[in-house]
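Please examine the protein shown below.

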Amino acid sequence: MADRIAPKEYYSIGDVCEIADLKPHVLRYWESQFSILRPTKNRAGNRVYRRKQIKLVQLLRHLLYTERYTIEGARRKLEQLRASGQLAKAARVAWDRETIRDLRREADELVALLEEGEAG
């Protein structure tokens, strides 16, 4: 399966929001709540993210939206994963799960389009 993150060094907040299916204000809020998620800023003062941070965003998305953690619960879970050395692995697993979820949604949309075409 192809990686959904285009190969480049830095990503804008818009890029990250598109990849993670989030609104920019949600991502900015998460930055204020999770110290592990601190993007650097470029010369213009804009946030720039690296691939590793995008995978953390996907892990947070998975914990908050799929696993239904609270912000505090997700914060504790991230700290637990970091302390045990499992954070990178958990981010990869969450990335894979979110990718599969997205692919399923897209497949369902395609099936619906095909069914509409057959009916019409």
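This is a predicted model: local features need pLDDT of at least 70, side-chain atom pairs count only at pLDDT 80 or more; totals for chains, interfaces and linings use all residues.

Residues are numbered from 1 along each chain as its sequence is written, and side-chain values use heavy atoms, with hydrogens and water left out.

Q: How many salt bridges does a search of the whole structure find?
A: Side chains of opposite charge can pair when their charged atoms come close. A salt bridge is counted here when a side-chain nitrogen of Lys or Arg lies within 4 Å of a carboxyl oxygen of Asp or Glu. Over the whole structure, the search gives 12.

Q: Which residue meets the side chain of R50 in a salt bridge?
A: R50 lies in the loop between β2 (47-48) and α3 (51-66), and its partner is 41 residues apart from it, in the segment before α1 (13-20). Helices (H or I, at least four residues) and strands (E, at least two) are DSSP runs, numbered from the N terminus. The N to O distance is 2.5 Å, and the partner is E9.

Q: Is R50 buried or partly exposed?
A: Buried means under 20% relative accessible area, exposed over 50%, and partly exposed in between (1.4 Å probe, protein chains only). R50 has 37% relative accessibility, so this residue counts as partly exposed.

Q: What separates R82 and E79 along helix α4?
A: These two residues form a salt bridge, with their closest N and O atoms 2.6 Å apart. Because R82 and E79 are 3 residues apart in helix α4 (residues 71-84), their separation is about one helical turn.

Q: Is E98 buried or partly exposed?
A: E98 forms a salt bridge with R101 (2.8 Å, N to O), and both lie in helix α5 (residues 87-119). R101 is partly exposed, with a relative accessible area of 26%. E98 has a relative accessible area of 1%, and is therefore buried.

Q: Which residues is E31 in contact with, leaving aside its neighbours within four places in sequence?
A: E31 is found in helix α2 (residues 24-33). At 7% relative accessibility, E31 counts as buried. Contact means heavy atoms within 4.5 Å. With those neighbours left aside, the contacts of E31 are L37, R38, P39, R47 and Y49.
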